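This report covers selected features of one protein chain. The sequence and the structure come first, and the description follows.

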Amino acid sequence: METLLLCVSLLISAFVAYLIGSINFAIIVTRLFAKKDIRDFGSGNAGMTNVLRTLGAGPAALVTVGDFCKGLLAVLFGHLIIGYLGGGLPFFTDYMIALFVMLGHCFPVFYGFKGGKGILVSAGVILALDWRVFLIILGVFLVVVAIRRIVSLASISAAVAFPIATLVLALIDGSPYVLWDTLFSVVLSAIVIFMHRANIKRLLNGTEKPFGKKKK
């Protein structure tokens, strides 16, 4: 019975995380401010950067807070559900929740499975996983933005840094789950990089626009 309850709680928390991830604030905010769909403008991506280029700093700030917090919220609800029904939290709980909230963000059921690229929501989850890793990847992101002024390059760099930071800190801590921590972080990082595949092509071609330039 305990095993069954744990499995049920894991399934429920994964489903809830996916639904939370599917609440796309870039789409919601754009519809509130402009009565339009952000995916019809700029890069076509339902993310903060496109909102910033299209609508400005105010709406982009709302998207930032919303998408970041839903990662934290998904982890919180997951802990409540699994802790109450399952009686305990398996070591992979947060990574499972992270995976499903990111899938919801990137492929939202509410918006035709066309969402954002997962940077802000993954940052919220990473903060819940380990604040030290969060600070490291935030530092990488800010440094790259400051030097190159290309948000996509900074996002990809932060994604690459995520499993490296996870591995190093897990080894320092002597974590018994160092292999699993690293593998899970590689999967999450791979999702973010995959969602930036069009940006990678433009970076290689030298056509990716730096921060501050509006797309037509």
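Glu208 is buried, with a relative accessible area of 11%. Here, buried means under 20% relative accessible area, exposed over 50%, and partly exposed in between, with a 1.4 Å probe and protein chains only. The model is predicted, so local features need pLDDT of at least 70 and side-chain atom pairs count only at pLDDT 80 or more, while totals for chains, interfaces and linings use all residues. Residues are numbered from 1 along each chain as its sequence is written, and side-chain values use heavy atoms, with hydrogens and water left out.

## Salt bridges

Glu208 is the salt-bridge partner of Arg202, and Arg202 is partly exposed at 25% relative accessibility. A salt bridge is a side-chain nitrogen of Lys or Arg within 4 Å of a carboxyl oxygen of Asp or Glu.

| Pair | Closest N and O atoms |
|---|---|
| Arg39 and Asp37 | 2.7 Å |
| Arg202 and Glu208 | 2.6 Å |
| Arg132 and Asp173 | 2.6 Å |

The pair of Arg132 in helix α7 and Asp173 in helix α8 links distant parts of the chain, 41 residues apart. Helices are DSSP runs (H or I, at least four residues), numbered from the N terminus. Arg132 is partly exposed at 25% relative accessibility, and Asp173 is partly exposed at 45%.

## Largest pocket

The largest pocket has a volume of about 710 Å³. Of its 43 lining residues, Ile119, Leu120, Phe141, Val151 and Ser155 are the closest to its centre. On a 1 Å grid over the protein atoms alone, a pocket is an open set of points with protein on both sides within 12 Å along at least five of seven lines, and lining residues have an atom within 4 Å of a point. Grid points are joined across faces, edges and corners, and the volume is the space filled by probe spheres set on the points.

Helices that each supply at least two residues of the lining include α4 (57-86), α7 (131-148) and α8 (151-173). By class, the lining residues are 21 nonpolar, 15 polar and 7 charged. Ala, Val, Leu, Ile, Met, Phe, Trp, Tyr, Cys and Pro count as nonpolar, Asp, Glu, Lys and Arg as charged, and the others, Gly among them, as polar.

## Nonpolar surface patch

Ile23, Phe107, Val109, Phe110, Phe113 and Phe194 form a nonpolar patch on the surface, with about 550 Å² of accessible area together. Patch residues have over 30% relative accessible area and no salt bridge, and nonpolar side chains (Val, Leu, Ile, Met, Phe, Trp, Tyr) are joined within 5 Å. Accessible areas come from the Shrake-Rupley method with a 1.4 Å probe.

Phe107 lies in the loop between α5 and α6 and is partly exposed at 32% relative accessible area. Phe194 is in helix α9 and is partly exposed at 46%. Phe194 and Ile156 are 38 residues apart in sequence, with their C-alpha atoms 9.5 Å apart in space.

## Backbone

Most residues other than glycine have a negative phi. Phe113, in the loop between α5 and α6, has a positive phi near 60°. Arg149, in the loop between α7 and α8, also has a positive phi near 60°. Arg149 is partly exposed at 43% relative accessibility.

Methods: On a 1 Å grid over the protein atoms alone, a cavity is a set of points where a 1.4 Å probe fits but cannot get out, and a pocket is an open set with protein on both sides within 12 Å along at least five of seven lines; lining residues have an atom within 4 Å of a point. Patches are made of residues with over 30% relative accessible area and no salt bridge: like charges are joined within 9 Å, nonpolar side chains (Val, Leu, Ile, Met, Phe, Trp, Tyr) within 5 Å.
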